[in-house]
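Me: Could you walk me through this structure feature by feature? I would like the general idea each time, and then the case at hand.

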Amino acid sequence: MLFRVNDLHVSYGNIRAVRGVSFEVDEGEIVTLIGANGAGKSTILNTIAGLLRPDAGEIVYNGVDLVPLDAHQVVQLGLALVPEGRRIFGNLTVYENLRLAGFQLGADELNKRIRRAFERFPRLEERRAQLGDTLSGGEQQMLAVARALVTGGKFMLLDEPSMGLAPILVQDIFEMLREINAQGTTVLLVEQNAHMALKIAARAYVLETGEIKLSGASTDLVRNPEVQKAYLGG
Ligand SMILES: Nc1ncnc2c1ncn2[C@@H]1O[C@H](COP(=O)(O)OP(=O)(O)O)[C@@H](O)[C@H]1O
Ligand SMILES: [Mg+2]
């Protein structure tokens, strides 16, 4: 198993946002964690990425315990977070955003990765000198994913990449994720958009108020009446 979270507990003061969550991701998989607003999705991803410290539990990647590591060390191990709300730098150009994402790399490696990111996202290359703020929502999301590609990593963590995007752009973004996965990147996707997430992921976990309520193959979960009622509009 590439990645495993075991009995994770995370709180903000006395708010217990994540309560005993366990799940696994195997190498090469796309796994999704679906849940409504406030279920604890971002808390879980931010804890994995080293931005929050858990109260208890294990987070193991490639045999390494991530819990004591800071965000920078987690990136160095090969995990790349695409945070909620994209968080690109609006006052920097597309190119500058990408350079910043790879600041720790040598010039040759950085240029190579930026070139590869532009090959995957030609729309971004056309807009390389454009400021982040002036990109459309879909382009900003592309930039957020491209940035994670430049940072590098075998394991990409995505926090609601569909948020705020028109359905056609959501399809584009998910198609890109599928390609990135096909080329060897393992993906953990958290989403409110259960419909799309269950289409792209082979396996899924359903998160409700900080706990995993259901899990299984996506093809089974889409047929589950509880999932249909709560997440797929009946
Ligand atoms: N910085 C914070 N301080 C206090 N409570 C927080 C903070 N961030 C999130 N929460 C609470 O933790 C719970 C889970 O939030 P979050 O992980 O953001 O959910 P999701 O990403 O699934 O919408 C919610 O009840 C939310 O209000
Ligand atoms: Mg969130």
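**Reading the model, one feature at a time**

Reply: Gladly, and let us begin with the ligand: the shell around ligand 1 divides into 4 nonpolar, 6 polar and 1 charged residues. Here Ala, Val, Leu, Ile, Met, Phe, Trp, Tyr, Cys and Pro count as nonpolar, Asp, Glu, Lys and Arg as charged, and the others, Gly among them, as polar. This is a predicted model, in which local features need pLDDT of at least 70 and side-chain atom pairs count only at pLDDT 80 or more, while totals for chains, interfaces and linings use all residues. Residues are numbered from 1 along each chain as its sequence is written, and chains are lettered from A and ligands numbered from 1 in the order in which they are written.

Me: Which residues are around ligand 1?

Reply: A residue is near a molecule if its C-beta atom, placed from the backbone, lies within 6 Å of it. For ligand 1 this gives Y12, I15, A17, G35, N37, G38, A39, G40, K41, S42 and T43.

Me: And which element supplies the largest share of that shell?

Reply: Helices (H or I, at least four residues) and strands (E, at least two) are DSSP runs, numbered from the N terminus. Helix α1 gives the largest share, 3 residues, and both β2 (15-25) and α1 (41-48) supply at least two.

Me: How many residues of α1 are buried?

Reply: A residue is buried if 20 or more other C-beta atoms lie within 10 Å of its own, exposed if 12 or fewer, and partly exposed in between, with C-beta atoms placed from the backbone. In α1, 6 of the 8 residues are buried, so this helix is largely enclosed by the rest of the structure. They are K41, T43, I44, L45, T47 and I48. Just after α1, G50 takes a positive phi of about 85°.

Me: What should I look for in a strand such as β7?

Reply: In a regular strand the side chains alternate between the two faces of the sheet. Both faces of β7 are covered: F155, L157 and D159 are buried on one side, M156 and L158 on the other. With 5 of its 5 residues (155-159) buried, β7 is largely enclosed by the rest of the structure.

Me: Which strands pair with β7?

Reply: Strands of a sheet pair through backbone hydrogen bonds, either parallel or antiparallel. Two strands count as paired if DSSP finds at least two bridges between them. Strand β6 (residues 79-82) pairs with β7 in the parallel sense over 4 bridges, and L81 stands opposite L157. Strand β8 (residues 186-191) also runs parallel to β7, joined by 5 bridges, with T186 as the bridge partner of F155.

Me: What unit do β7 and β8 make with helix α7?

Reply: A crossover is right-handed if, with the strands pointing away from the viewer, the path from the first strand over the helix to the second runs clockwise. That is the case for β7, α7 (residues 167-182) and β8, which make a right-handed β-α-β unit.

Me: Which residues touch the most other members of the largest nonpolar core?

Reply: A nonpolar core is a set of buried Ala, Val, Leu, Ile, Met, Phe, Trp, Tyr and Cys residues joined through C-beta atoms within 7 Å. The largest has 67 residues, and L79, A146 and L157 touch the most other members. Helix α6 (residues 137-151) gives the largest share of this core, 8 residues.

Me: What does L79 touch?

Reply: Two residues are in contact if their C-beta atoms, placed from the backbone, lie within 7 Å. Leaving out residues up to four places away in sequence, L79 touches A49, Y61, V74, G153, F155 and L157.

Me: In what order do the strands of the open sheet stand?

Reply: The order of its 4 strands is β2-β1-β4-β5, with antiparallel pairing. At the edges are β2 and β5 (64-65), each with a single partner strand, so one side of each is left without a neighbour in the sheet. Strand β1 (residues 3-12) is joined to β2 by 8 bridges, and V10 stands opposite V18.
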